[in-house]
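I am opening a notebook page on this model.

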Amino acid sequence: MNQKYIRNFSIIAHIDHGKSTLADRILEMTKTVDNREMMEQMLDTLDLERERGITIKLNAVQLKYMANDGNEYTFHLIDTPGHVDFTYEVSRSLAACEGAVLVVDASQGIEAQTLANVYLALDNNLEIIPVINKVDLPAADPLRVIEEIENVIGLEAVNAPQISAKTGLNVEQVLEAIVARVPAPQGDPDAPLKALVFDSIYDSYRGVIAYVRIKEGSVKIGDKIRFMATNAYYEIVECGIRTPKEVKRSSLSCGEVGWIAASIKSVKDVHVGDTITFAQNGAIEPLPGYRTLNSMVFCGLYPIESNRYNDLRDALEKLQLNDASLKYEAETSQALGFGFRCGFLGLLHMDVVQERLEREYNLSLIATAPSVVYHAFMTDGSMISVDNPSLLPDVQKIHHMEEPFVKATIMVPTEYVGPVMELCQKKRGIYKEMIAVDAGRMHLHYLLPLGEIVYDFFDRLKSATRGYASYDYELDGYYESKLVKMDILLNSEVVDALSTIVHRDFAYGRGKAITEKMRKLIPRQQFEIPIQAAINNKIIARSDIKALRKNVLAKCYGGDITRKKKLLEKQKEGKKRMKQVGSVEVPQEAFMAVLSMDED
Amino acid sequence: MEQNKAKSLYIHIPFCQHICEYCDFVRVGYHQDLADRFLKRCEQDLSLRQGETFETIYIGGGTPSALSIEQLKTLLMLIRPFIDVNCEFTMEANPENFSEDKIKLCVEYGVNRISLGVQSVQSKLLNLIGRKHTLEDAQNVISLLRKWGIDNISADGMYGLPTQTLADFKDTLTWLIHQKLPHVSLYALTIEPNSAFGRKHVQSIDNSLEGDFYQLADDMLSDAGYQHYEISNFCLPGMESRHNLTYWHYEDFVAIGPGAAGKENHRRYTITKNIHRYLTEGIIFDEDIQLSVTDEMFEFVMMGLRLKKGIELRRFKTRFGISIETVFNKAIEKNIEKGWLIFSDTHVFPSDDGRLFLHDVLIDFMEVEPVNG
């Protein structure tokens, strides 16, 4: 294949700005997918992605495009996940491209998330093609958006295609711009193989399938290969491309994007960002930009029915085959029994894993409140990493503590600056700076403790700004904080799964909010239940759940057995969602309540 | 399978002169033509039962006493052939429209038990729930019933009404006791979504207060010599509602009328709630369930444990060919341990606490996959 006629690109867009719709149109217009087999939004394969309108797993398709210059071009469209949890994956799939199409909604303008990905694309030296989408909608203001792109990003956007991905209007201009402006892949076809791994999936018959961009050289069936970071050796069994159907080929050449299968049993050998080369006479230097991923957020996952522990373990094992960023290890909680401490890239990642476990593996789970990793510096000079608040050592033995902070960029219309600053204050944010983007919009920069934003920061940000704010963050580092462990006692017993680490100055407010919220969430039982919050064994807040006097229906249903039975079935369903903690039945939601802020 | 004929009959009269605020049963405003057509339909339904007689018959509603005197006569004449020698024949009535003539008619046609909707002695509460009678109306009807020879009277009372105080309810209980009625049914107000209260989003009262009402009734009626023989029902010795006992004993019963539920030969059904369809089409069911042994075993327990006496061990064994202890071993053990179930030589029954938390007890029985007997 002549490299001159290859174009590799991604689409960058904020959620709902039309990335998937544009991808669908491109697939249609290049006749890659005929209309009959066209499912809306082809690239999102997992059900969950489709439902949530987000892309979690990457995918790459090869398209043929007959350009106006009379040549046929081979396009590789590489999809990127659209969420802050997956920044590293995004950067690697961008590294597989030479260009990016930046889709901006003609009425919404640029959002912080988009901006973060644009910067990632610029870091990877990508040619960026701005495109204004949804110009057919009444609220569209393409001129304002063009001005914004020029002011905020510094990209020339006067000639940006003004399209409607939905109707197909001017989408051809986008394809022509890709031909004209995205550089052809460089790379030496005769050099030793260097293939960038930007995604992997697990296939139960063929093992791990790695998605790769051939940066240098070429690869064919039978080649013996080495993963340079994990130092794993394999032999290529199959390779090919996707259209998006899988198409087998005998080889992949320089500049191409495709997949390889090599009977790889463990996803642990295949890291996103790693370089594949030949086992012998391979490249000496790997491609730049590789790093190992650390879990940012941890939580305990426990089966509601304790006899399903083994099922949960099997399910986690299977999920991990497909998701190398999911970490887990067995742990035991006095309150919840046997379960797993799981590490995630972020909150969305955690939600998705939990939902898949419940939906695909039919498990009922209790998730403890998400926690970040705290550093406890001991009086003896050692340091302990704590990802489970209940395991924080005795306060007497701790000299001081540190917690992770993130640099957060919040983009917000000027009139909402006040509420956003108030929110950041409540979340213990440290104000850095504020920059006016244009007449109506501000960039706010804050240092925020990661532990404060993992739970509901984005939801609160949206509600404080009527959905107008967007934000992005990156890890900044660890800083000292006055942190203490807060225990929750149910019926006078400490429930280890409900312990959290909080800032000392905020502890009283939190304690009050948590006990009050839990009082509302835990249904009445046959005895009165005190809920207490304690720090160092000292009670700082208390609420009481009054005893249930009776649970029987004294209603005149006579012979209507169905109604009586339905009522019981409903109550039984309710009980199924609860975990017996000591003598108290606690519903799932209550375990999240420990992250309640003061005002709810 | 054996084809036993049901010994009980329920007929649902869907007409009311006024619709009460809490009601979500099948009911429509009384209309003479509609009621005539309804009676025609009853005639058809009953004709299918020719030759059968019933040991208990219950005419409920709605408000059966809302029928005109001619219509009531037609209805009672239709039923007459189905009355067994020792039949307990109950009719529900509202104090405001149960005239002496209607009472005489009932007596003449074999009705020997009346269930009277008294609900409360406070006119402010009666107004609030949309009842149209006064305490004097209730008093009068009771005197008239006795005058014409119907002593087997039951009165319905309600608790947990909005604004109702314990003192209000105490007055109602005092009045009921004073009447020396052989049977009293006391129902907690439930806010049904499909009632006027439900549509107005009236809130249920606090669970503790509801417990206080329940306890007050139990205390006062027990002191007055009543037996709390079922969760909502009290009677003087020997005066249980025989018809309702067929429900609690999980026996078969025939249902006629829109929305009525019946059970015959391992089959449970609910007749359509749509009055128009009931009148114009054949027999249509909202629900028609062929019961498995598993269903029947659980339902037997669900109904039986509502009785103070509980379940007779021998009856379960005879019915299903296996002992209740074998089938529900785990649930029984758990609830005995909790002190919620008690075994005697002949019965299993809920303790006082077990009765209050009967739903929790029953949920344990649901979770058991019974052994097939």
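**A loop glycine in chain A**

I looked up A:Gly109 and found it in the loop between strand S4 (99-105) and helix H4 (112-123) of chain A. Helices (H or I, at least four residues) and strands (E, at least two) are DSSP runs, numbered from the N terminus. This is a predicted model, where local features need pLDDT of at least 70, side-chain atom pairs count only at pLDDT 80 or more, and totals for chains, interfaces and linings use all residues. Residues are numbered from 1 along each chain as its sequence is written, and chains are lettered from A and ligands numbered from 1 in the order in which they are written.

Is A:Gly109 buried or exposed? A:Gly109 counts as buried, because it has 25 C-beta neighbours inside 10 Å. (Buried is 20 or more other C-beta atoms within 10 Å of a residue's own, exposed is 12 or fewer, partly exposed is in between; C-beta atoms are placed from the backbone.) I then listed contacts, leaving aside neighbours within four places in sequence: A:Gly109 touches A:Val104, A:Val145 and A:Glu148. (Contact means C-beta atoms, placed from the backbone, within 7 Å.) From A:Gly109 to A:Ala140 I note 9.6 Å, C-alpha to C-alpha, across 31 residues of sequence.

**Helix H1 of chain A**

Helix H1 (residues 19-29) of chain A has nine of its 11 residues buried, so it is largely enclosed by the rest of the structure. Among the buried ones I noted A:Lys19, A:Asp24 and A:Arg25. Their cover includes strand S1 (6-13), S4 and helix H6 (171-181) of chain A. Just after H1(A), A:Lys31 has a positive phi of about 55°.

**A helix pair in chain B**

Next I took helix H6 (residues 166-178) and helix H8 (residues 207-223) of chain B, which pack at about 30° with axes 10 Å apart. (Axes are lines fitted to C-alpha atoms, for helices over the stretch in contact; angles run from 0 to 180 degrees between N-to-C directions.) H6(B) and H8(B) are therefore roughly parallel to each other, a label for angles under 35 degrees. Contact residues include B:Phe169 and B:Leu173 of H6(B), and B:Phe213 and B:Met220 of H8(B).

**Chain contact and confidence**

How many residues does each chain bring to the contact? Chain A brings 22 and chain B 31. The predictor gives the complex an ipTM of 0.87 and a pTM of 0.70. Chain B has a mean pLDDT of 94, with 98% of its residues at 70 or more. (pLDDT is the predictor's confidence in each residue, from 0 to 100.)

Conventions:
Contact = placed C-beta atoms within 7 Å. Parallel < 35°, antiparallel > 145°, perpendicular 65-115°, else oblique.
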